[in-house]
Amino acid sequence: MTHAVVYRRIGGPEVLEYTSVPTPSPGAGEVAVRIQAAGVNPIDAKLRGGIRPSPPLEGPRRVGADGAGVITAVGTGVEGLRAGMPVVVAGAQGLYAEAAVVPASTVTARPADVDAHLGAAVGIPAATAYQALRSLSVASGDRILVHGGSGSVGQAVIQFAVSWGATVIATTSARRADRVERLGALPVRYGEGLLDRVRAVSDHVDVALDCAGTDDAIETSVAVVGDRSRVATLVRGADAPRWGIEAYAGGAAHGLTEQQQMWRREAIPVTLALVAAGAFEIELGPRYPLSQAARAHEDVERGTEGKILLVPDQD
């Protein structure tokens, strides 16, 4: 037996249970991974709380899409992966655990210079940022406005866009302005008067990406970007049609295209290579043992600085 976090009903953080589950064995096309760290993402809490729709519960549901660890066993038909290999897992299920079986397609070899904590923080933030920027055709010479620049996704957006030669304007709190500026963006304080402050920084904006979800963020975006096909939200997908903009998450009415899904997969090895080379920063936040997953979800719902991680309890 091993330990994992599950929930049996939709509700607040208190529905998360730390429990014993059978030790998994990989089937065809799968690998078993000893999890050293799992990333806690806002979507985890939204699914648990019913804010984001999911299929009806038919038993205990495992939690967590991102993690890092070491392969312990490889199923049939798997090539390029072996037992003992340090890896990152992104886009799987059930990684709030000491061990998990995942599709081999969700596993990427982890460079020696990237520890498990950094590796576990890559998944959803990097994949989301990379895919959104590729979808918006961000390239050298573009000026991009990103809302929520100090969050995990926002920081990834800034770093990718700057490395591709774009100029980035990032909305943030006054307290976090130094962080986004360090990553290469021009910080602009969010709140009343945002539109005027954005226009004061730049006389034109080519692209806008909303990682914040406020009306002010989206209304400012559509006011400064002439082409609404180059404005997108990652938060307000359900009502994106109200503004005539793109939506890549947040309850979007349509799923990702095959190309967009490919970009999300491509983002993981790209980001790991950049992290290993010292060319991409990941801000780590609070770290909790698996048995305190509820506390981690309280933090992610409240909002905190840096990526929240879960690690196996110490015996």
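**Strands, helices and contacts in a predicted model**

Tutor: Three strands make up an open sheet with antiparallel pairing, in the order S2-S1-S4. The model is a predicted one, in which local features need pLDDT of at least 70 and side-chain atom pairs count only at pLDDT 80 or more, while totals for chains, interfaces and linings use all residues. Residues are numbered from 1 along each chain as its sequence is written, and side-chain values use heavy atoms, with hydrogens and water left out.

Student: What makes S2 and S4 the edge strands of this sheet?

Tutor: Strand S2 (17-21) and strand S4 (61-62) each pair on one side only. Helices (H or I, at least four residues) and strands (E, at least two) are DSSP runs, numbered from the N terminus.

Student: Which strands does S6 pair with?

Tutor: Strand S5 (residues 66-74) pairs with S6 over 5 bridges, in the antiparallel sense, and Asp66 stands opposite Ala90 of S6. Strand S8 (residues 107-109) also runs antiparallel to S6, through 3 bridges. There, Val89 has Val107 of S8 as its bridge partner.

Student: Why is S6 called largely enclosed?

Tutor: A residue is buried under 20% relative accessible area, exposed over 50%, and partly exposed in between (1.4 Å probe, protein chains only). In strand S6 (residues 86-90), 4 of the 5 residues are buried, so the rest of the structure largely encloses this strand.

Student: Why is Ala208 called buried?

Tutor: The relative accessible area of Ala208 is 0%, so Ala208 is buried. Ala208 is found in strand S12 (residues 207-210). Residues up to four places away in sequence not counted, Ala208 touches Leu136, Leu145, Ser221, Val225, Arg230, Val231 and Ala232. Between Ala208 and Leu136 there are 72 residues in sequence and 8.8 Å in space, C-alpha to C-alpha.

Student: What is the order of the sheet that contains S12?

Tutor: This open sheet has 6 strands with parallel pairing, in the order S11-S10-S9-S12-S13-S14. Its edge strands are strand S11 (186-189) and strand S14 (246-247), each of which pairs on one side only. Strand S10 (residues 167-172) runs parallel to S11, with 4 bridges joining them, and Thr172 stands opposite Arg189 in S11. Helix H4 (residues 152-163) lies across S9, S10 and S12, at about 170° to S9.

Student: Why are H3 and H8 called oblique to each other?

Tutor: Axes are lines fitted to C-alpha atoms, for helices over the stretch in contact, and angles run from 0 to 180 degrees between N-to-C directions. Angles under 35 degrees count as roughly parallel, over 145 as roughly antiparallel, 65 to 115 as roughly perpendicular and the rest as oblique. The axes of helix H3 (residues 123-135) and helix H8 (residues 258-276) come within 8 Å and cross at roughly 125°. H3 and H8 are therefore oblique. The residues of their contact divide into 8 nonpolar, 6 polar and 3 charged; Ala, Val, Leu, Ile, Met, Phe, Trp, Tyr, Cys and Pro count as nonpolar, Asp, Glu, Lys and Arg as charged, and the others, Gly among them, as polar.

Student: What makes H1 roughly perpendicular to H9?

Tutor: Helix H1 (residues 42-49) and helix H9 (residues 293-302) pack at about 105°, with axes 9 Å apart. This angle falls in the range 65 to 115, so H1 is roughly perpendicular to H9. Pro42, Asp44, Ala45 and Arg48 of H1 make the contact with His297, Val300 and Glu301 of H9. These residues divide into 3 nonpolar, 1 polar and 3 charged.

Student: What is the phi value of Ser137, and where is this residue found?

Tutor: Phi of Ser137 is near 55°, a positive value in a residue other than glycine. Most residues other than glycine have a negative phi. Ser137 is found in the loop between H3 and strand S9 (143-147).

Conventions
Two strands pair if DSSP finds at least two bridges between them. Contact means heavy atoms within 4.5 Å.
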